[in-house]
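Please look through the sequence and the structure shown below before reading on. The briefing after them goes from the overall picture to single elements.

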Amino acid sequence: MLPQHFDLLKGLVNPNYVEQGAQARNSRSKHFTALFTQRRLPDVGWKEDDIQALLDEMASFDTNNFEGNVGVGEREGRVISDLVRRRHFGLTHGIGRSGDVMAEQPKAAGSSLLVQLTRYLALDAIRLAGIKAAKACAVLPAATGLTMTLVFLALRQMRPEGKYVVWSRIDQKSCFKAIGAAGLKPIVVELKPIEGTDALGTDLEGMRSAIEQVGADEVLCICTTTSTFAPRVPDFIDEVAVMAQELQVPHVINNAYGLQCSKCAHLVETGCRRGRVDAFVQSTDKNFMVPVGGAIVAAPSAALVDKVSGLYPGRASMSPVLDLFITLLSLGAPGWTGLLQERKENAKWFEERLGTVSSKLGLRVLKVPANRISFCIDLSPLGRSTDGAEDMDHLTFLGSALFTRRVSGPRVVLCTPKPGAATLDVETPADTIKVKGKYQKVIDGTPFECYGAHTNFYPCCYLTAACAIGASRKEMDAFLERLEAAVQDYKNGAGRKEKSGIAKPALGS
């Protein structure tokens, strides 16, 4: 209602009651005013009713919600199911135009406004997480892998001679496949053991050598990673950024779920300030706990972000943007920073509890101090029977045993303890390449030994578990209890039967 409507109401009900209603309405309007002027996360998270009211107001700006509107185009935001319309709050035109996914739509002023506000809120959330060097961002309706592909394609338009991506190995398919999807050639730089720990880290010398071997002009970019499964640790982003600046090679960071971790955020921030970082990409679902389907590409300058936005073909779905907008408004700045701090404290607590339970089971937690999200348990003792024989292959039972106990997320990684390079079967056609050996995988024609371990060989098989944002101590305690039960079952012979059906000997404690 407009202000003059309240004056008219005073002739219908007690003026005092009308005044109270007007004050309540003004309080909500102040939230709107603060959002439109400050363009940052609110100091206090909004109530659902206030968010709903704002969404209704913005939806009323889109032509499909105009009273008496007549649409004669091929796409007028029509939705036949009322349930679907309500699920999207009437914002059915999507985002962007055919030339730019962040562009305004004449038919959808409200949707266009929501997109821009979400960009401001996301940028503020990134800065509050610790990456204050971020100056521009775009929220895209594509998950991390596809968004990385878009970044590579945008760089290719800016650097047409570049055809190689120097990639610090991480055994996670989507980022590696993003390189091939962009029509580029990966140069895999293997990791190096970090002295005094069980961790694997960036081979800076190997990265420099790879660039110099093909020539910096032909390298589209260096691709590094922050968030990762242990025993890998975040790449040495700051040192790589200095190298990228020295060699004048673009640098793109896969920051998939690194925004939730202060260490990862600090590395990106330091890289931006000390050297060259062209863009960093983070997942919306992994960091902000929204449904899968969105990512944020951010950068210290707007040039590459704008290029990525302009590269996206056609309009796009509103859903990932809308989900993030609602979530950030409901959290507010204190809610967001509170979640970050809670995860940090929980990670320290979880590592201690994991160590206690592991010791009780005759196992140990691998020493990977620089990874503050993912933790590993050495499973090697479980692969040795009382007669001294080794049987590591059956350790995967632990993963399935945990899954049947309604535990999702842990990974059992089988490794070869001695060096051994993958070999290609030269008689096999290129499109059906096979790798000879154990624990190997071929992705887009590139063979990887001990896939999952981030390296061609690792001294032990292990199980990983993460303490991610939103995970509660109650959940993690339940995981530890179920892990203990699964390990005891394995020690008693479960999951280790031969084809004859005879169980293998029980393991020693």
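What covers the buried residues of helix H9? The covering elements include helix H8 (204–214), strand S6 (219–225), strand S7 (251–254) and helix H10 (262–274), and this, like everything that follows, is read from a predicted model. The chain contains 15 helices and 17 strands, and the points below take up some of them by topic.

**The chain as a whole**

- The C-alpha trace of the chain spans about 95 × 55 × 45 Å along its principal axes, and buried residues account for 49% of its 509 residues.

**Helix H9**

- Helix H9 covers residues 237–247, and its buried residues are Ile-237, Asp-238, Val-240, Ala-241, Met-243, Ala-244 and Leu-247.
- Just after H9 comes Gln-248, which takes a positive phi of about 60 degrees.

**The seven-stranded sheet**

- Seven strands form an open sheet with mixed pairing, and their order is S1-S9-S8-S7-S6-S2-S3.
- The edges of this sheet are S1 and strand S3 (185–189), each of which pairs on one side only, while neighbouring strands are turned by 20 degrees against each other on average, with direction ignored.
- Strand S1 (residues 136–140) is largely enclosed by the rest of the structure, because five of its five residues are buried.
- In a regular strand the side chains alternate between the two faces of the sheet.

- Helix H5 lies across S1, S8 and S9, and its direction is at about 115 degrees to that of S1.
- In helix H12 (residues 302–311), the residues Leu-304, Val-305, Val-308 and Ser-309 are buried. These residues lie on the same side of H12, because they cover an arc of only 140 degrees around the axis.
- An α-helix has 3.6 residues a turn, so residues three or four places apart point the same way.
- The buried residues of H12 pack against helix H5 (109–128), S1, helix H6 (144–158), strand S8 (279–283) and S9.

**The contact between H5 and H13**

- Two packed helices are described by the angle between their axes and the distance between the axes.
- The axes of H5 and helix H13 (residues 319–360) come within 10 Å and cross at roughly 35 degrees, and this crossing of H5 and H13 is left-handed.
- On the H5 side the contact is made by residues including Leu-114, Leu-117, Leu-121 and Leu-128, and on the H13 side by residues including Leu-322, Phe-325, Leu-329 and Trp-336.
- The residues of the contact of H5 with H13 divide into 15 nonpolar, two polar and no charged.

**Leu-91, a residue in a loop**

- Leu-91 lies in the loop between helix H4 (82–87) and H5, and it is buried, with a relative accessible area of 2%.
- Not counting residues up to four places away in sequence, Leu-91 touches Leu-55, Met-58, Ala-59, Asp-62, Ser-111, Leu-114, Met-318 and Leu-322.
- The C-alpha atoms of Leu-91 and Thr-63 are separated by 9.9 Å, and these two residues are 28 residues apart along the chain.

**The four-stranded sheet**

- Another open sheet has four strands in the order S10-S11-S17-S12, with antiparallel pairing.
- The edge strands of this sheet are strand S10 (364–365) and strand S12 (411–413), each pairing on one side only.
- S12 pairs with strand S17 (residues 462–466) in the antiparallel sense over three bridges, and Val-412 stands opposite Leu-463 in S17.
- Helix H13 packs on this sheet and touches S10, strand S11 (374–378) and S17, with its direction making about 5 degrees with that of S11.

Methods: Residues are numbered from 1 along each chain as its sequence is written. This is a predicted model: local features need pLDDT of at least 70, side-chain atom pairs count only at pLDDT 80 or more; totals for chains, interfaces and linings use all residues. Side-chain values use heavy atoms; hydrogens and water are left out. Buried means under 20% relative accessible area, exposed over 50%, partly exposed in between (1.4 Å probe, protein chains only). Helices (H or I, at least four residues) and strands (E, at least two) are DSSP runs, numbered from the N terminus. The arc is that of the directions from the helix axis to the C-beta atoms. Contact means heavy atoms within 4.5 Å. Axes are lines fitted to C-alpha atoms, for helices over the stretch in contact, and angles run from 0 to 180 degrees between N-to-C directions. A crossing is left-handed if the near helix is turned anticlockwise from the far one by less than a right angle, and right-handed if clockwise. Ala, Val, Leu, Ile, Met, Phe, Trp, Tyr, Cys and Pro count as nonpolar, Asp, Glu, Lys and Arg as charged, and the others, Gly among them, as polar. Two strands pair if DSSP finds at least two bridges between them.
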